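Colleague: I have a model on screen and would like to learn how to read it. Can we go through it together, feature by feature?

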Amino acid sequence: MADDMPAELELELADLAERLTSPGERECLRCYLLRLITEFGCDGTYRWTVRWGDVRAAQPRGLLRQLERRGGFCDCEVLMNAFPEYPASCALPCAGVSKPGSAKPCDLGALRKIA
Ligand SMILES: [Zn+2]
Ligand SMILES: [Zn+2]
């Protein structure tokens with residue numbers, strides 16, 4: 001019986017990590033990257049971009065090509081170069097995209113006007 005505990009705890013932790021790193025249903029790529037890079041950093045790859053793309057994008061591979069063209073060659077560069085109109089330190093909650101899976105960032109400007 002005592003052996004059950006660690007396995008259960010392990011599962012719970014894996015589940016928690018899964019939930020922490022999974023993109024929200026209407027969370028845009030920009031806010032997702034900002035959240036994950038703030039929390040876990042950039043490892044020089046498309047780790048989080050790919051994760052978002054796998055879950056959200058209709059064509060994950062097309063998404064990477066598109067971001068590459070815009071100067072994003074890893075997660076933090078995508079955040080800085082593909083979405084330059086957004087302040088990198090802006091920690092507003094994601095305003096949500098109207099169409100799930102759209103790589104278009106949410107309209108934080110609209111959110112700011114309300115606040
Ligand atoms: Zn990077
Ligand atoms: Zn957003």
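Colleague: Which residues does Leu63 touch, not counting residues up to four places away in sequence?

Modeller: Start with the term: contact means heavy atoms within 4.5 Å. Leu63 touches Leu29, Thr49, Trp52, Gly53, Ala57 and Ala103. One caution first. This is a predicted model, where local features need pLDDT of at least 70, side-chain atom pairs count only at pLDDT 80 or more, and totals for chains, interfaces and linings use all residues. Residues are numbered from 1 along each chain as its sequence is written, chains are lettered from A and ligands numbered from 1 in the order in which they are written, and side-chain values use heavy atoms, with hydrogens and water left out.

Colleague: Which residues have the most contacts inside the largest nonpolar core?

Modeller: A nonpolar core is a set of buried Ala, Val, Leu, Ile, Met, Phe, Trp, Tyr and Cys residues joined through side-chain atoms within 4.5 Å. Buried means under 20% relative accessible area, exposed over 50%, and partly exposed in between, with a 1.4 Å probe and protein chains only. Here the largest core has 23 residues, and Leu29, Leu33, Leu63 and Val78 have the most contacts inside it. At least two residues of this core come from each of helix H2 (29–40), helix H3 (47–56), helix H4 (60–69) and helix H5 (75–82). H2 gives the largest share, seven residues.

Colleague: How many helices and strands are there in the protein?

Modeller: Both are DSSP runs, numbered from the N terminus: helices are H or I with at least four residues, strands are E with at least two. The protein has six helices and zero strands. From the N terminus, the order is α-α-α-α-α-α. Buried residues make up 33% of its 115 residues.

Colleague: At what angle do the axes of H3 and H4 cross?

Modeller: Axes are lines fitted to C-alpha atoms, for helices over the stretch in contact, and angles run from 0 to 180 degrees between N-to-C directions. Under 35 degrees counts as roughly parallel, over 145 as roughly antiparallel, 65 to 115 as roughly perpendicular, and the rest as oblique. The H3 and H4 axes cross at roughly 140 degrees and come within 9 Å. H3 and H4 are therefore oblique to each other. On the H3 side, the contact is made by Thr49, Val50, Trp52, Gly53 and Asp54; on the H4 side, by Pro60, Leu63, Leu64 and Leu67.

Colleague: How do the residues of that contact of H3 with H4 divide?

Modeller: The classes come first. Ala, Val, Leu, Ile, Met, Phe, Trp, Tyr, Cys and Pro count as nonpolar, Asp, Glu, Lys and Arg as charged, and the others, Gly among them, as polar. The contact of H3 with H4 has six nonpolar, two polar and one charged.

Colleague: Which residues of H2 meet H5?

Modeller: The axes of H2 and H5 come within 10 Å and cross at roughly 135 degrees. That pair is therefore oblique. Arg30, Leu33, Leu34 and Ile37 of H2 meet Asp75, Cys76, Val78 and Leu79 of H5. By class, the contact of H2 with H5 has six nonpolar, no polar and two charged residues.

Colleague: At what angle do H2 and H3 pack?

Modeller: Their angle is about 135 degrees, with the axes 10 Å apart. That makes H2 oblique to H3. H2 contributes Leu29, Tyr32, Leu33, Leu36, Ile37 and Phe40, and H3 contributes Arg47, Trp48, Thr49, Arg51 and Trp52.

Colleague: Now the loops. Is Cys28 buried or exposed?

Modeller: Cys28 has 0% relative accessibility, so it counts as buried. Cys28 sits in the loop between helix H1 (4–21) and H2. Beyond its neighbours within four places in sequence, Cys28 contacts Trp52, Cys94, Val97, Lys104, Pro105 and Cys106. Pro23 is also found in the loop between H1 and H2. Pro23 is buried, at 6% relative accessible area.
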